[in-house]
Every structure is written in structure tokens, then in C-alpha cells.
Amino acid sequence: MTDSCDQSGPSRAEQLIELGALSMSSAREGAVHTICLFGELALGTTDRVDAELQRVEATDAWMIVVDLSGLTFISSAGVQLLVDAEVRSRADSQRLALLRGPPAVQRVLEICGVGAALPFATRWAASGRT
């Protein structure tokens, strides 16, 4: 996996979806599909993110990476979206990996008591390299 979460513009295999206070890019490189979130993951944007996650889950991607590093805010609805995705992943080969968000986002996950339960990975591990 390359650092596909820059905002320099979508490649041919990448979708850039504007969701108001949230932008989302979704791209596949080999067997790894990466969804990058930018802005605010809140009640008004979780449905579209969840729909994209479920679309990707229906593919044969070996790993699904959700990069939270571009988030500026996450609400309880966003936390629930991540928990629901993790539950689905446990039932489906545990192929979900999350890349950490900025301190404010990680703090919300810790306050909600889910920080340790979510499948966080490093960029190196998420790329499938050993």
C-alpha cells in the first residue's frame, strides 16, 4: 500500500467522494483497499461511509484499511460506525485495519472505551510488509 491518502487528487482507480464536512477517498492497490477520511465523521456523514465500507467488504480485498489520520472530528455516530465495521470484520476473516487519527480523534475513541478494542495498525503493517 502506498500513501494514497494525500489530497493531491484521485488516481484512475480511486474515487473521491465529497460528503459536506467529510471527504472520502476509496482506492484499491492489489489486494489492499484503502478508505481515507478527511474532515468530520459525524451523524450526517456516517451513512455514506458505512455504505462504502460495506461495498468494499463485499469484494475480494484481502485487507481493508480505514485511514483516520485526516479526520478533524469524530462523533459518537462515527465511533459506532467503526465499532460496527470491526464486528463485521471479526465475522469476515478479520481483514479490517484502522490507521490512527490525530490525538483529538484518538481521545474520543479512548473516552468511549473502544480505543483498545479497535484493530489499529501501523502504515507498515497495513501495507502487508513484514
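Ser93 is exposed, with a relative accessible area of 66%. Exposed means over 50% relative accessible area, buried under 20%, and partly exposed in between (1.4 Å probe, protein chains only). This is a predicted model, where local features need pLDDT of at least 70, side-chain atom pairs count only at pLDDT 80 or more, and totals for chains, interfaces and linings use all residues. Residues are numbered from 1 along each chain as its sequence is written, and side-chain values use heavy atoms, leaving out hydrogens and water.

Ser93 sits in the loop between helix 2 and strand 5. Helices (H or I, at least four residues) and strands (E, at least two) are DSSP runs, numbered from the N terminus. Gln94 lies in the loop between helix 2 and strand 5 as well. Most residues other than glycine have a negative phi. Ser93 is not a glycine, yet its phi is positive. Gln94, also a residue other than glycine, has a positive phi too.

| Residue | Phi | Relative accessible area |
|---|---|---|
| Ser93 | about 65° | 66% |
| Gln94 | near 45° | 57% |

**Helix 2**

Helix 2 covers residues 76-90, 15 residues in total. From first C-alpha to last it reaches 21 Å, close to the 21 Å expected at 1.5 Å a residue. The expected span is 1.5 Å times one less than the number of residues. Ser75 caps the N-terminal end, with a side-chain oxygen 3.2 Å from the backbone nitrogen of Ala77. Buried residues in helix 2 include Ala77, Leu81, Ala85 and Ser89. What covers the buried residues of this helix? The cover includes strand 3 (32-41), helix 1 (43-57), strand 4 (63-74), strand 5 (96-99) and helix 3 (103-111).

**The cavity**

A cavity is a set of points on a 1 Å grid over the protein atoms alone where a 1.4 Å probe fits but cannot get out; lining residues have an atom within 4 Å of a point. The count comes to 1 cavity of 30 Å³ or more. The largest cavity has a volume of about 40 Å³, the volume being the space filled by probe spheres set on the points, which are joined across faces, edges and corners. Its lining is Glu57, Ile64, Arg88, Ser89, Asp92, Arg95 and Leu96. By class, that lining has 2 nonpolar, 1 polar and 4 charged residues. Ala, Val, Leu, Ile, Met, Phe, Trp, Tyr, Cys and Pro count as nonpolar, Asp, Glu, Lys and Arg as charged, and the others, Gly among them, as polar.

**Strand 2**

Ser26 lies in strand 2 (residues 22-29). Is Ser26 buried or exposed? Ser26 is buried, at 2% relative accessible area. Its side chain makes a polar contact of 2.6 Å with the side chain of His33. Another polar contact, of 2.4 Å, joins the side chains of Ser26 and Glu52. A polar contact is a pair of N or O atoms within 3.5 Å; within protein, one must be able to donate a hydrogen and the other to accept it, and residues adjacent in sequence count only if both atoms are side-chain atoms. Ala27 is in strand 2 and is buried at 12%.

**The whole chain**

The protein has 4 helices and 6 strands, in the order β-β-β-α-β-α-β-α-β-α. Of its 130 residues, 48% count as buried. Contact means heavy atoms within 4.5 Å. Among contacts with a separation of 6 or more, 65% come from residues 24 or more positions apart.

Key: 1 Å grid on protein atoms, 1.4 Å probe; cavity = no way out; pocket = protein on both sides within 12 Å on 5 of 7 lines; lining within 4 Å.
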